[in-house]
Amino acid sequence: MKEKLWTKDYIGILVTNFFLMLTFYLLMVTISVFAVNKFGATESQAGLASSIFVIGALVGRIIGGKYLDRLGRKKLLITGIIIMVISAIFYFGVDSFGMLIANRLFHGFAFGLAGTVLGTVVAQVIPKGRGGEGIGYFALSMTLATAIGPFIGIFIQQRFQFNMIFAFCLICIVISLVLSFIIKVKEITLTEEQKAELKGFKVSNFIEKKSVPITLVATVTAFCYSGILSFLSFFAIENQITSAASFFFVVYAAAVLVTRPYSGRMFDRKGPNFIMYPAIISLFIGLFVLSQSHVSIILLIAGALVGFGYGTYMSSAQTVAIQSAPAHRVGLATSTFFILTDIGLGMGPFIQGFFVPSIGYDGLYIVLGIIVVLCLPLHYFLHGKKVASSKLTVSSVEVNSSTK
């Protein structure tokens with residue numbers, strides 16, 4: 001009989017995470033337009049307004065990963081969300097580009113703290129035999145936010161003033177704050193040896209090296225996906241398909257919802273490679289189709305392909321990153337995964353913004369698709385090869401055992 005997955009605390013963690021991620025992706029898509037419209041920002045500056053949040057989150061995750069079990073998980077979670085509430089209120093008073101950048105950085109830092117705690121404690125409430133499925137649904141809460149956030153953001157942006165966007169974000173964060181008080185968080189008591197291991201400023205105190213290989217591939221895919229988040233609105237305006245742009249993320253979410261139950265179970269039964277290679281291929285095709293999306297239906301097809309590709313790969317990579325770490329370093333493994341993928345998401349819009357004037361948005365998506373193709377050999381050498389060889393070893397042991 002399967003151990004119970006859908007407990008009260010598991011559901012609470014998923015919902016809390018969903019609302020926090022919703023505000024992240026909603027603002028990632030709309031804040032660049034806000035920067036251009038209100039402060040006359042250039043494309044690169046608009047990309048910075050979007051991506052600086054992720055740099056703040058990077059700092060928050062580094063600190064969160066190191067001090068998670070020294071300061072207390074629940075205390076760190078509530079502190080992070082309270083700071084997010086304060087930052088959400090600050091958006092209403094932003095009157096210069098510099099102030100916007102500063103608040104985005106502040107908001108990102110708090111998000112990094114809270115997100116690291118949630119990504120760590122969810123692993124505690126998932127039964128061991130359902131790791132791929134459990135982390136998959138947790139990642140689904142992020143993926144749905146990836147889809148619904150931009151949809152709501154673009155919808156509000158097209159019909160109301162930007163203050164409505166900020167108000168909506170504030171409500172979502174307050175809901176997360178209320179839930180954070182209700183969720184039961186199991187604290188970890190570190191041994192003296194483990195405390196000594198975490199002292200100082202060694203790289204190993206901030207990064208779980210066993211989680212790095214798979215996370216590097218995830219970072220490249222995040223870099224490519226950031227181009228969709230930050231520039232899809234501009235691409236849609238250029239091609240006069242703005243009404244379809246908001247539904248891009250709805251189709252994205254639908255593709256994830258349909259495939260996630262299957263992909264999570266296949267991860268547990270057949271291993272990560274079984275679904276991660278097809279996911280990379282789907283993301284590549286999705287980016288290429290997106291580059292040719294000059295009519296609405298093609299854009300929506302691209303959304304489905306990107307949804308399965310990016311959503312499946314990232315949830316699988318997160319599961320692998322967590323499972324590769326010792327129990328007392330799961331917090332560091334979680335922060336390692338998000339630190340590196342946040343770098344990909346954060347640097348992406350800023351770097352890509354320099355190339356858009358010369359290659360255009362369609363050219364950008366073609367280039368990003370080519371980069372995704374490179375993830376196939378990258379995944380093989382950094383992780384896939386090791387998984388395949390370990391399966392062969394297990395199979396040979398089973399055969400030898402059966403012949404005795």
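**View 1. Residue Q240 sits in the loop between α8 (212-238) and α9 (242-270).** Welcome to a predicted model, and to a residue worth a look at its backbone. Although Q240 is not a glycine, its phi is positive, at about 55°. Is Q240 buried or exposed? Q240 has a relative accessible area of 72%, and because values over 50% count as exposed, Q240 belongs to the exposed class.

**View 2. Helices α1 and α4 meet in a left-handed crossing.** Here we turn to a pair of helices. Two packed helices are described by the angle between their axes and by the distance between those axes. For helix α1 (residues 8-39) and helix α4 (residues 97-125), the axes come within 10 Å and the crossing angle is roughly 160°. That angle makes α1 roughly antiparallel to α4, because angles over 145 degrees fall in that class. Which kinds of residue form the contact of α1 with α4? The contact divides into 20 nonpolar residues, 3 polar and 2 charged.

**View 3. Helices α10 and α11 also have a left-handed crossing.** The axes of helix α10 (residues 273-291) and helix α11 (residues 296-323) come within 7 Å, and they cross at roughly 150°. With that angle, α10 is roughly antiparallel to α11. How do the residues of the contact of α10 with α11 divide? There are 20 nonpolar and 5 polar residues in this contact, with no charged ones.

**View 4. The whole chain holds 13 helices and 0 strands.** Of the 404 residues in the chain, 57% are buried. Where do the contacts with a separation of 6 or more come from? Residues 24 or more positions apart account for 86% of them. The accessible surface of the chain comes to about 16,400 Å², and carbon and sulfur atoms hold 71% of that area.

Notes: Residues numbered from 1 in each chain as written. Predicted model: local features only at pLDDT ≥ 70, side-chain atom pairs only at ≥ 80, totals over all residues. Heavy atoms only, no water. Axes fitted to C-alpha atoms, helices over the stretch in contact; angles between N-to-C directions. Helix = DSSP H or I, 4+ residues; strand = E, 2+ residues; numbered from the N terminus. Parallel < 35°, antiparallel > 145°, perpendicular 65-115°, else oblique. Left-handed = near helix turned anticlockwise from the far one by under 90°. Nonpolar A, V, L, I, M, F, W, Y, C, P; charged D, E, K, R; others polar. Buried < 20%, exposed > 50% of the residue type's maximum accessible area, 1.4 Å probe, protein only. Contact = heavy atoms within 4.5 Å. Areas by Shrake-Rupley, 256 points an atom, 1.4 Å probe, with all protein chains shown as cover.
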